[in-house]
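Please look through the structure below.

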Amino acid sequence: AVVSTQSTGVTKRIQQRFFLKQGPRLNNPPPGTIVDSTVTRDELFDFFLVPQGVGQGTVTPTHYNVLEFSTTLKPDHLQQIAYKLCFMYYNWTGAIRVPAICQYAHKLAFLVGQSLHRDPSPDLADLLYYL
């Protein structure tokens, strides 16, 4: 059996901003804008995604670093999936800044950190764990 894997790091606290030049004006790019060349690294598979629009101010993109990519998906399809997952957050009709699964993991880690007031099990000492 062929096993395909994909692992991606998502960063929302970044300094990069992108603008759309329309005549003499600079505007925010529309939601769904992907930047995967010029400002990205040649030796890595990374891209920036503008998942949502803003009514006032400057939109902040989200940076994706694809760490492992051994699937048959094309990079464009992965980018589309990342954008669509930003609309999957429960009880919110619009897009959020990160894919819903990342937001759920963030919330779970925060709640576990606030609720468990003891050291982790010694059985986890030789393992990678994140909670």
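The chain exposes about 9,900 Å², and carbon and sulfur atoms supply 56% of that area. Accessible areas come from the Shrake-Rupley method with a 1.4 Å probe, and for residues only the protein chains shown count as cover. The model is predicted: local features need pLDDT of at least 70 and side-chain atom pairs count only at pLDDT 80 or more, while totals for chains, interfaces and linings use all residues. Residues are numbered from 1 along each chain as its sequence is written, and side-chain values use heavy atoms, with hydrogens and water left out.

Of the 131 residues of the chain, 23% count as buried. Buried here means under 20% relative accessible area, exposed means over 50%, and partly exposed lies in between (1.4 Å probe, protein chains only).

The secondary structure comes to 2 helices and 6 strands. From the N terminus on, the elements run β-β-β-β-β-β-α-α. The radius of gyration of the chain is 18 Å, well over the 14 Å that the globule rule gives for 131 residues, so the chain is more spread out than a compact globule. That radius is taken over C-alpha atoms, and the rule is 2.2 Å times the number of residues to the power 0.38. Helices (H or I, at least four residues) and strands (E, at least two) are DSSP runs, numbered from the N terminus. Along its principal axes, the C-alpha trace spans about 60 × 40 × 25 Å.

Among contacts between residues at least 6 apart in sequence, 51% join residues at least 24 apart; contact means heavy atoms within 4.5 Å.

Next come the aromatic rings. Rings of Phe, Tyr and Trp (its six-membered ring) pair if their centres lie within 6.5 Å; planes under 30 degrees apart count as stacked, over 60 as edge-to-face and the rest as tilted. By this rule the count comes to 6 aromatic pairs. One of them joins F18 and F48 edge-to-face, at 5.2 Å centre to centre and 65° between the planes. This pair links distant parts of the chain, 30 residues apart: F18 is in the loop between β1 (6-11) and β2 (20-22), and F48 is in strand β5 (residues 45-50). F18 counts as buried at 14% relative accessibility, and F48 is buried at 3%.

F45 and F69 also form an edge-to-face pair, with 5.3 Å centre to centre and 75° between the planes. Because F45 lies in strand β5 and F69 in strand β6 (residues 62-69), the pair ties together parts that are 24 residues apart in sequence. F45 counts as partly exposed at 22% relative accessibility, and F69 is partly exposed at 27%. F45, F47, Y64 and F69 form one aromatic cluster.
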